[in-house]
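Let's take a walk through this protein together, one region at a time. Open the structure in your viewer and follow along.

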Amino acid sequence: MQKVFLKVLLVTVLLGNMPIHSWVQAEEIPEDIPQIEITEEAVVTENNIVKSDNVRAAWTDYGNYAQPNEEGYAYYIHADPDISSEIFPLDENSSEDVLLFTFDDAPQEPDSYAIEMAQVMKEKDVNAIFLVNGMYLESEWGREITKQVHDMGFEIGNHTHTHPNLRELTYEEQYNEIVATNQMVEEITGAPVRWFRPPFGLFNMDTILICNELGLQLMTWSFGYDWMDEYLSGPELAAVSLDNMYIRPGANILMHDRSWTLEALPTMIDGYRELGYHIVDPYLIQHQQNSTEPL
């Protein structure tokens, strides 16, 4: 069994909500930096079916809740994120009792748990979308983690380059934020990028127009708690995630690349299934152009 080890090459210093990167030369890295182990058994091979639109086919066992159409899709997300970012069946042949797992801010520096999260989900036959920040893909460390997560079968989305409030940026500044990360992800994965989530859930018509030009569907979320101070532990996060007023068919669940989220994941997956929900494979979701119609 071949093993691949990744070393941390970057250190991130947090100042408020803005990450400031301090580059560390390879020869300065201490020998005791933790290593991440990845096994070949977890990797999705190139033999996976790719649909006619060059999007990977769903690989989880979805037969008990979804019947894809001829194009390989069974669900969609509403075209207007101001109305909803929830998941709906394309027809009556697929169940509405699904939830979507999404993870922002990966691969978070200096400690990323994205690969471990992917391994947990893979073992439980769950797929998800990891929405990445381009600033974390500037290092070989971040690129390798992203590639491994994608190779394990998970879809990679766009969460801007530097995580700004897009409403405070000009059209050109927004475009540069979004297109830079798109290009990096496509270079790393060789796959099209379909999903975009604006930081803080804030966007405007410029964002919509840019996403449409780049073929991205914009999504926000239904609920997520792992960023709130009172839920920064695995048990507390799992408890609130499984018992809140926003759990309903089609919910788009927001999570982040955090240690307590990794700890909560197994309980969340088992708990949602006990409640009668299926974790939808994102490759079953057909993306579409965002609406530009005013509310």
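Predicted model: local features only at pLDDT ≥ 70, side-chain atom pairs only at ≥ 80, totals over all residues.

You will find Tyr76 in strand β5, residues 75-77. Leaving aside residues up to four places away in sequence, Tyr76 touches Glu86, Ile87, Phe88, Pro89 and Leu90, along with Ile285, Gln286 and Gln288.

Gln288 sits in the segment after β14 (285-286). With 31% relative accessibility, Gln288 is partly exposed. Its contacts, again not counting residues up to four places away in sequence, are Tyr76, Ile77, His78, Ala79 and Gln217. Gln288 and Leu218 are 70 residues apart in sequence, yet their C-alpha atoms are 9.3 Å apart in space.

Now zoom out to the chain as a whole. How many helices and strands does the protein chain have? The secondary structure comes to 6 helices and 14 strands. The chain has 295 residues, of which 52% count as buried. Among contacts between residues at least 6 apart in sequence, 76% join residues at least 24 apart. As for the surface, the protein chain exposes about 13600 Å², and carbon and sulfur atoms supply 50% of that area.

With that overview in hand, let's turn to the helices. Start with helix α1, residues 114-123, which packs with α6 at an angle of about 15 degrees, the axes being 10 Å apart. The angle of about 15 degrees is under the 35-degree limit, so α1 is roughly parallel to α6. The crossing of α1 past α6 is right-handed. On the α1 side, the contact is made by Glu116, Met117, Val120 and Met121; α6 brings Thr261, Leu262, Leu265, Pro266 and Ile269. By class, the residues of this contact divide into 7 nonpolar, 1 polar and 1 charged.

Which residues of α1 are buried? They are Ala114, Ile115, Met117, Ala118, Val120 and Met121. Met117, Val120 and Met121 also take part in the contact with α6.

Helix α3 (residues 171-189) and helix α4 (residues 205-214) pack at an angle of about 35 degrees, with their axes 10 Å apart. α3 passes α4 in a right-handed crossing. From α3, the residues in contact are Tyr171, Gln174, Tyr175, Ile178, Val179 and Asn182, and from α4 they are Asp206, Thr207, Leu209, Ile210, Glu213 and Leu214. This contact divides into 7 nonpolar, 3 polar and 2 charged residues.

Finally, let's check the backbone. Most residues other than glycine have a negative phi, and most peptide bonds are trans. Where does this chain depart from that pattern? The peptide bond from Ala106 to Pro107 is cis, with omega near -15 degrees, and another cis bond joins Glu109 and Pro110, with omega about 0 degrees. Pro107 lies in the loop between β7 (98-106) and α1, and Pro110 is found in that loop too.

Positive phi values turn up as well. Asp105, in strand β7, has a phi near 65 degrees, and Asp105 is buried, with a relative accessible area of 8%. After α1 comes Asp125, whose phi is positive, near 60 degrees. Phe200 lies in the loop between β10 (195-196) and α4 and has a phi near 65 degrees. Phe200 is partly exposed, with a relative accessible area of 44%.

Definitions and conventions
Residues numbered from 1 in each chain as written. Heavy atoms only, no water. Helix = DSSP H or I, 4+ residues; strand = E, 2+ residues; numbered from the N terminus. Buried < 20%, exposed > 50% of the residue type's maximum accessible area, 1.4 Å probe, protein only. Contact = heavy atoms within 4.5 Å. Areas by Shrake-Rupley, 256 points an atom, 1.4 Å probe, with all protein chains shown as cover. Axes fitted to C-alpha atoms, helices over the stretch in contact; angles between N-to-C directions. Parallel < 35°, antiparallel > 145°, perpendicular 65-115°, else oblique. Left-handed = near helix turned anticlockwise from the far one by under 90°. Nonpolar A, V, L, I, M, F, W, Y, C, P; charged D, E, K, R; others polar.
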